[in-house]
Amino acid sequence: MDFRAAAKWMSHPEGERVYALILGRHSGIYPRRFRHLKNVPLIVDDARDAKDLRPYLVKYLPEGVYYDRNVYRSLDAARKTGLDYTRAWRSPLFLGQELAFDLDPENVDCPIHGDIEAKMRRHQGLSFCDWEFEEVRRQAVALYDELSEQWTRLAVVYSGRGFHVHVFDDDAFRLTRKERGRIAARFARRYAIDEWVTSGEMRLIRLPYSLHGMVSRIVVPLPRGDVPKFRYDDQRTVPRF
Ligand SMILES: [Zn+2]
């Protein structure tokens, strides 16, 4: 993992961040002694930056590494007051939340495999076909371009399966929950986004430059111009062990 690049990714805006590791929820592969932790997000709230995650990753060997899009004034204070991160919106320690859009191929209605309900019925909720990947890739470009009419600091990330679009504008960090809910509902009508991510209910998102352990792909930010032809066997995303 490129810890330095991950730390740079996390450096805007000013504030402290919480990380989370998922050990083996989807893969069922995890160190045996951590069986009791395999399905729950393991919260790391004492990393000063992403480089401090290294000992945690070496110890727990998680299948996925995430960060909480909430930004805090002080995690020391949060720990001392026992702040519940799931209800942090009204806390004076809460500075804002990064706005993000999560596009996953399983949410696309496929002419061959059907909609998400049909895939779930066949227990194929985590698999996807090339048609679905290409459709979600097309949507990522369209979504990026549409968002750029309103915001300027955008980034698109290959998530290991689909794509994330992040918004780093200061006014996007300060959106209320109500405003986020409206944005999520509006975009979900035309894009295969996960509404819970954009509305802020689901705060975790994959940390760029970490490994998506289920598909063995590195999560990588992409220049907008690379997205239309991006393939999941792109050399930037294939790990070298
Ligand atoms: Zn399909």
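**Close-up views of a predicted model**

View 1. Residues are numbered from 1 along each chain as its sequence is written, and side-chain values use heavy atoms, with hydrogens and water left out. Helices (H or I, at least four residues) and strands (E, at least two) are DSSP runs, numbered from the N terminus. Helix α5 covers residues 130–147, 18 residues. The expected span is 1.5 Å times one less than the number of residues.

**View 2. The zinc site.** Four protein donors hold places around the zinc ion: Cys110 (SG), His113 (ND1), Cys129 (SG) and Glu132 (OE), at 2.0 to 2.3 Å. Donors are N, O and S atoms within 2.8 Å of the metal (3.2 Å for Na, K and Ca); water is not among the atoms, so sites may look incomplete. The site is tetrahedral, with angles of 104 to 114° among its four donor atoms; four donors count as tetrahedral if all angles lie between 85 and 135 degrees. The donor spacing in sequence is C-x2-H-x15-C-x2-E. Cysteine 110 lies in the loop between β6 and α4 and glutamate 132 in helix α5, so the pair ties together parts 22 residues apart in sequence. Both cysteine 110 and glutamate 132 are buried.

**View 3. The four-stranded open sheet.** The strand order is β2-β1-β3-β9, with antiparallel pairing. Strands pair if DSSP finds at least two bridges between them. At the edges are β2 (42–44) and β9 (204–206), each pairing on one side only. Strand β1 (residues 19–22) is joined to β2 by three bridges. Leucine 21 stands opposite leucine 42 in β2.

**View 4. Tyrosine 72.** Tyrosine 72 is found in strand β4 (residues 70–72). Its relative accessible area is 0%, so tyrosine 72 is buried. Tyrosine 72 touches Gly15, Glu16, Val18, Leu83, Tyr85, Ala88, Leu93, Phe94 and Leu95, leaving aside residues up to four places away in sequence. The C-alpha atoms of tyrosine 72 and serine 91 are separated by 9.3 Å. Along the chain, these two residues are 19 residues apart.

Methods
Predicted model: local features only at pLDDT ≥ 70, side-chain atom pairs only at ≥ 80, totals over all residues. Tetrahedral: all angles 85-135°; square planar, octahedral: opposite > 155°, others 65-115°. Buried < 20%, exposed > 50% of the residue type's maximum accessible area, 1.4 Å probe, protein only. Contact = heavy atoms within 4.5 Å.
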